[in-house]
Amino acid sequence: AADSAAIASGISEMALMEAAGSAVANAVGARWGKRPVLVLAGPGNNGGDGFVAARHLRDAGWNVRIALLGSLEQLSGVAARQAALWNDEVLALSVYLLDGTALVVDALFGAGLTRPISGVAAQLLEAVASRGIPVCAIDVPSGLDGASGQPQGVVARADITVTFFRKKPGHVLMPGRLLCGEVILADIGIPDRVLSQIDPAVFENSPVLWMNAYPWPHIDGHKYQRGHVLVVGGATMTGAARLSALASARIGAGLVTVAAPDSSWAIYAAALTSIMVQRVNDVSMLDHLLSDDRKNAVVVGPGAGVSHSTREYVLAVLARKRAVVLDADAISAFAADPQSLFNAIAGPCVLTPHEGEFGRLFNVNGDKLERALMAARRSGAVLVLKGADTIVAAPDGRAVINTNAPPDLATGGTGDVLAGFIAGLVAQGMPAFDAAAAAVWLHGEAAALFGPGLISEDLPQILPRVLRRLKRATRHDIS
Ligand SMILES: NC(=O)C1=CN([C@@H]2O[C@H](COP(=O)(O)OP(=O)(O)OC[C@H]3O[C@@H](n4cnc5c(N)ncnc54)[C@H](OP(=O)(O)O)[C@@H]3O)[C@@H](O)[C@H]2O)[C@@H](O)CC1
Ligand SMILES: Nc1ncnc2c1ncn2[C@@H]1O[C@H](COP(=O)(O)OP(=O)(O)O)[C@@H](O)[C@H]1O
Ligand SMILES: [K+]
């Protein structure tokens, strides 16, 4: 879309392709020493980029062969014109060409892939993968759907993928993120103003998206200006709510209260110091706590139990139009009647399901991005669909895809911490979508900073270091 908008605005298609192919040659030269290269060119513009890359590598002294899917006569437009500039032998695609090849430039298909790759092209990609030949992919590894990150049939994993102007969702969604290897973003002369024409609604998560909304404390502020998070604590699994509460406090909520039933009140009170504990045995007691409208963000779900009372608590909070983060059991408790939850959502609400919990509320098909967006629209909540490629989606169609979370996060309780981070930011006045995106990024950053051996308690503990870095970077205007 960006390239057609740029061309419509008068930028030469030939120049764009020249810049694209030359960026690929540069990336190859920066990554690998000279070695025999085979460029696999497809029938469209991705193949055209391949011809340009081949020419630049040859001119730089590399030993380059190019093999084309189909015939030169079938090429059209700029791809045909670029192929004509190659002025050298063009081979037919064949697996035998891999003998003596030490690097493959994959220019078979890019954004124009319409169906799974078959025939000799598929055999070649399979052979490249099984022989472990290094690959530089142009735009996307051929066979990967750039919109969804899903392979359509065979894909050879690339070591580097050179793409243009902006990343596509498929570069950051799993498994695309793994199949792309390192993604190198090349400027090919498409001006930034093109972005406002195509008006993208999906972004890779990064502080630039939300740092202007980040609620750093004011120099003359007091604690009530930093919000009051109420975490509804369960009776038996008390650790979960304590993790959420601690996370809310660490991320800057002015006050945090855990609402606990009599049976476990003493456990909460003994374990928490800066965090307050209040007795709540039933929904009317919770509602009484909520009558203090300074308690402006609520977490329900961590350790809550999949029960009638959890449903009642959720509905009571929503009826108060209080900002709320619904996690874990607060989601599962509505499995039998998700619509009753969606009907009750009117104010700011964030749902934070992992895939299992998501499936209990939503019966939607499609790739992860589509499913998150559909669920956000259907529920009216900001949806945080967790995993290695967590998606934050808003009912109005905005979405961010998170890529900084390490697999060390796959340990009990990290989701409870995330819920607390989100609520803590919402309590400080950050809009729900920004708060969710910021919290997910900080959560990933904290985990990455801590590294191996992470347990969920470590995340609130190490968050201050991440915040300090963010604040310093914000002052220097990071991009
Ligand atoms: N526009 C610009 O200025 C710029 C564009 N750039 C580059 O262009 C790329 C997009 O180019 P593109 O649109 O030509 O699509 P591309 O991926 O080459 O494939 C289309 C061809 O493949 C065919 N085909 C599809 N699936 C197939 C299958 N499974 N098996 C067999 N055939 C299949 C399809 O044929 P059809 O489906 O019509 O049969 C058609 O012939 C983009 O990724 C970037 O690299 C850069 O240069 C930057 C500037
Ligand atoms: N492989 C992974 N890579 C990155 N992040 C992960 C991975 N697995 C899980 N996570 C993250 O860890 C958290 C787990 O949350 P959740 O499943 O709710 O756990 P819990 O209920 O134990 O708190 C989520 O933020 C999720 O995105
Ligand atoms: K490709």
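Figure 1. Gly 44, Asn 45, Asn 46, Gly 110 and Gly 112 come nearest among the 26 residues around ligand 1; a residue is near a molecule or strand if its C-beta atom, placed from the backbone, lies within 6 Å of it. The shell around ligand 1 has 13 nonpolar, eight polar and five charged residues. In this classification Ala, Val, Leu, Ile, Met, Phe, Trp, Tyr, Cys and Pro count as nonpolar, Asp, Glu, Lys and Arg as charged, and the others, Gly among them, as polar. At least two residues of this shell are supplied by each of α1 (2-8), α2 (13-31) and α3 (45-59). Helices (H or I, at least four residues) and strands (E, at least two) are DSSP runs, numbered from the N terminus. The model is predicted, so that local features need pLDDT of at least 70 and side-chain atom pairs count only at pLDDT 80 or more, while totals for chains, interfaces and linings use all residues. Residues are numbered from 1 along each chain as its sequence is written, and chains are lettered from A and ligands numbered from 1 in the order in which they are written.

**Figure 2. The ten-stranded open sheet.** The strands follow the order β8-β17-β16-β15-β14-β13-β12-β9-β10-β11 in an open sheet of mixed pairing; two strands pair if DSSP finds at least two bridges between them. Because β8 (202-204) and β11 (276-279) stand at the edges with a single partner strand each, one side of each is left without a neighbour in the sheet. On average, neighbouring strands of this sheet are turned by 20 degrees against each other, direction ignored. Helix α17 (residues 368-379) lies across β8, β14 (349-351), β15 (382-385), β16 (391-393) and β17 (399-401), and runs at about 150 degrees to β15. Axes are lines fitted to C-alpha atoms, for helices over the stretch in contact, and angles run from 0 to 180 degrees between N-to-C directions. Two residues are in contact if their C-beta atoms, placed from the backbone, lie within 7 Å.

**Figure 3. Strand β13 and its partners.** Strand β12 (residues 295-300) and strand β13 (residues 323-326) run parallel and are joined by four bridges. Val 324 is the bridge partner of Val 298, and Ala 323 in β13 stands opposite Ala 297. The chain passes from β12 to β13 through helix α13 (residues 308-319) in a right-handed β-α-β crossover; a crossover is right-handed if, with the strands pointing away from the viewer, the path from the first strand over the helix to the second runs clockwise. With β14, β13 pairs in the parallel sense over three bridges, and Leu 351 in β14 is the bridge partner of Leu 326. In a regular strand the side chains alternate between the two faces of the sheet. Both faces of β13 are covered, with Ala 323 and Val 325 buried on one side and Val 324 and Leu 326 buried on the other. A residue is buried if 20 or more other C-beta atoms lie within 10 Å of its own, exposed if 12 or fewer, and partly exposed in between, with C-beta atoms placed from the backbone.

Figure 4. Strand β4 (residues 103-107) pairs with β5 in the parallel sense over three bridges, and Asp 106 stands opposite Ala 137. Helix α5 (residues 119-131) carries the chain from β4 to β5 in a right-handed β-α-β crossover. Three bridges also join β5 to the parallel strand β6 (residues 160-164), where Val 162 stands opposite Ile 138. Asp 139 lies in the loop between β5 and β6 and has a positive phi near 70 degrees, although the residue is not a glycine. With 27 other C-beta atoms within 10 Å, Asp 139 is buried.

**Figure 5. Local features in three further loops.** Asn 87, in the loop between α4 (77-86) and β3 (91-92), has a positive phi of about 55 degrees although it is not a glycine. Asn 87 counts as exposed because it has 8 C-beta neighbours inside 10 Å. Met 174 and Pro 175 are joined by a cis peptide bond with omega of about -5 degrees, and Pro 175 belongs to the loop between α6 (169-172) and α7 (176-180). Gly 451, in the loop between α19 (432-450) and α20 (458-475), is exposed, with 11 other C-beta atoms within 10 Å.
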